[in-house]
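Me: I am new to this structure and would like to learn how to read it. Could you take me through it one feature at a time?

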Amino acid sequence: MPEPVIVVRNLAKRYGKTVAVADVSLEVREGEIFGLIGPNGAGKTTTMECIEGLRRPDSGTMTVLGLDPHRDASTLRHRIGVQHQEAQLQKRIKVWEAVDLWASLYDESRVADVDTLLERLGLAARRNARFMTLSGGQKQRLFIALALIHQPEVVFLDELTTGLDPQARRAIWELVRDIRARGTTVLLTTHLMEEAERLCDRVAIVEHGRTIEVGTPAELVRRHCPERRVIYTTEDDGVERRHELSGEGDDFVTDVIHGIARDGTRVHGFRTVIPTLEDVFLKLTGHALRD
Amino acid sequence: MLKGLFKLSWIETKIFLREPMGVVGTLFMPVVFFLIMARFLRGVPRPSAALGRVGFNATILASLLIVLGTVQSLIAIMAIYREGGILKRLRATPLAPVTILSAHVLVKLLLTLTSFLLLVLAGRRAMPGAMPEDMVGFAAAILLGTLGILGLGFLVASVVPTARFAQPLGAAVFYPMLALSGLFFPIARLPMWLRAVAEVLPTTHAVTLMRGTYEGTAWSTQWGSVAALLAIFAVCLFLATKWFRWE
């Protein structure tokens, strides 16, 4: 197995007396979308900014692309791309100016073609627009453009879709999948379980500054919430009847289907209720994830 | 990283020009102020006989207002950029932190020079006698003064907590300094302790240097002020880089 792109061991960081990160460990593999998930204030952003080399952790070890985020910061900045939570740009900077400025900061051989990039992110029509006139989704797409301009090997995306409407959110998800499809590794944070479930190959659940679980969303659901429910309706002499069956494990749904088929029951409605990452989170932390 | 420095400076200049209120306030207000004063001071002999050699000088005051305006705008921009995460985002690029700050100094020096040019153009028409003979020397004095005052501005910008505080804090720091600068009355009249305070303020040395070049004093006698301004700039910048908060 190839060396992980990011390795974090026992990371800890406090601000004064406040412990932001208590004990975070994780490995991100090449070419995957890895999500740090957890409520606001769980330590996701601090963790990410330590890995980016923007903050110095109090203890723990980290490598990114085999480099030390602090000692090798200047080398690493050319190989990673970042997007910060709730970031702004100069209100009156134009889209093309921002991208052009960023492009001038990196090795020419690595820099992507500005027009192609704007086209790919759906910003071509807005290249002369000032930052302050962009919609939330457009601003985030611009920040993605700035993170991708030098074709980095790893991209960090912090709460990328917070505050966006569902449509804009889906458009952003498509872009992130596209980043992965081009071979770039993505580390993102989100407090939206749906986002994590749909977008991430693997996730780490962060709670009170600790990673309490790591795995693929499906794995975590299987491990912590094996309950499955099947709800189906049949008709008896013109009266509709609702049946509800629960069980555990992936085979449960199959068994129910086979059972129904064997009996030759006429079924009007059929649906399965499978736990989500949200349920896993609830179970592991004892509370629901809120904005 | 020179390419980044010029590009950032150029973009910041363009952004500045896109804000009409800022342009009017920083570039034109000191000139308008000067023209109004020029009307009232017309005919008053210069330098003012009543106050002796260190009399009030409208040209120097207008120039100083130009400098203070640009420094104020620097403090405001730093605070806004910090609050908006713009500084933090720039710091995550290969740009060296010093390059990011230098770009702003460069833009502000350019701004001061432009405003001064406008002042000269307007002054030549409205009050020809009020313009210094050695224009280049006077401009150099203004730039040196800007550097010293800008240094202190950076120090204020490093510690100002929020963008809302930037303007009032800047005003509270700089306008009292104007009173102590020796422009309105000689600092020799101040009590000892206040005179000591005035001696470490960049405005005082800026005024001394501007007055010297205005009156055609040889540069060789001005090195004290030049050295003081550069020293203040260096010390403030050193402290500012220690205390500067990027977010």
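Me: How many helices and strands does chain A have?

Reply: Chain A has 10 helices and 12 strands. Helices (H or I, at least four residues) and strands (E, at least two) are DSSP runs, numbered from the N terminus. The model is predicted, so local features need pLDDT of at least 70 and side-chain atom pairs count only at pLDDT 80 or more, while totals for chains, interfaces and linings use all residues. Residues are numbered from 1 along each chain as its sequence is written, and chains are lettered from A and ligands numbered from 1 in the order in which they are written.

Me: What does the C-alpha trace of chain A span along its principal axes, and what share of its residues is buried?

Reply: The trace spans about 75 × 45 × 40 Å along those axes. A residue is buried if 20 or more other C-beta atoms lie within 10 Å of its own, exposed if 12 or fewer, and partly exposed in between, with C-beta atoms placed from the backbone. Of the 291 residues in chain A, 40% are buried.

Me: Which residues other than glycine have a positive phi?

Reply: N10(A) is one of them, with phi near 50°. N10(A) sits in strand β1 (residues 6-15) of chain A and counts as partly exposed because it has 15 C-beta neighbours inside 10 Å. E86(A) also has a positive phi, near 50°. E86(A) belongs to the loop between β5 and α3 of chain A, and is exposed, with 11 other C-beta atoms within 10 Å.

Me: Is I93(A) buried or exposed?

Reply: I93(A) counts as buried because it has 21 C-beta neighbours inside 10 Å. Its place is the loop between β5 (80-83) and α3 of chain A. For contacts, the rule is that two residues touch if their C-beta atoms, placed from the backbone, lie within 7 Å. Leaving aside neighbours within four places in sequence, I93(A) is in contact with A98(A), R130(A), F131(A), I11(B) and I15(B).

Me: How many residues does each chain bring to the contact between them?

Reply: Chain A brings 20 residues and chain B brings 17 residues. On the chain A side, the largest share, four residues, comes from helix α3 (residues 95-104). That side divides into nine nonpolar, six polar and five charged residues. Here Ala, Val, Leu, Ile, Met, Phe, Trp, Tyr, Cys and Pro count as nonpolar, Asp, Glu, Lys and Arg as charged, and the others, Gly among them, as polar.

Me: How many residues are in the largest nonpolar core?

Reply: A nonpolar core is a set of buried Ala, Val, Leu, Ile, Met, Phe, Trp, Tyr and Cys residues joined through C-beta atoms within 7 Å. The largest one has 135 residues, and V99(A) and A145(A) have the most contacts inside it. Helix α3 (residues 58-83) of chain B gives the largest share of this core, 15 residues. Leaving aside neighbours within four places in sequence, V99(A) is in contact with V114(A), L117(A), L118(A), A145(A), L146(A) and I149(A).

Me: How do I read the packing of two helices?

Reply: Two packed helices are described by the angle between their axes and the distance between the axes. Axes are lines fitted to C-alpha atoms, for helices over the stretch in contact, and angles run from 0 to 180 degrees between N-to-C directions. In chain B, α3(B) and helix α7 (residues 163-179) pack at an angle of about 155°, with their axes 9 Å apart. That makes α3(B) roughly antiparallel to α7(B); angles under 35 degrees count as roughly parallel, over 145 as roughly antiparallel, 65 to 115 as roughly perpendicular and the rest as oblique. By class, their contact has 11 nonpolar, three polar and one charged residues.

Me: At what angle do α1(B) and α5(B) pack?

Reply: Helix α1 (residues 2-17) and helix α5 (residues 97-126) of chain B pack at about 50°, with axes 9 Å apart. That makes α1(B) oblique to α5(B). Their contact has eight nonpolar, six polar and one charged residues.
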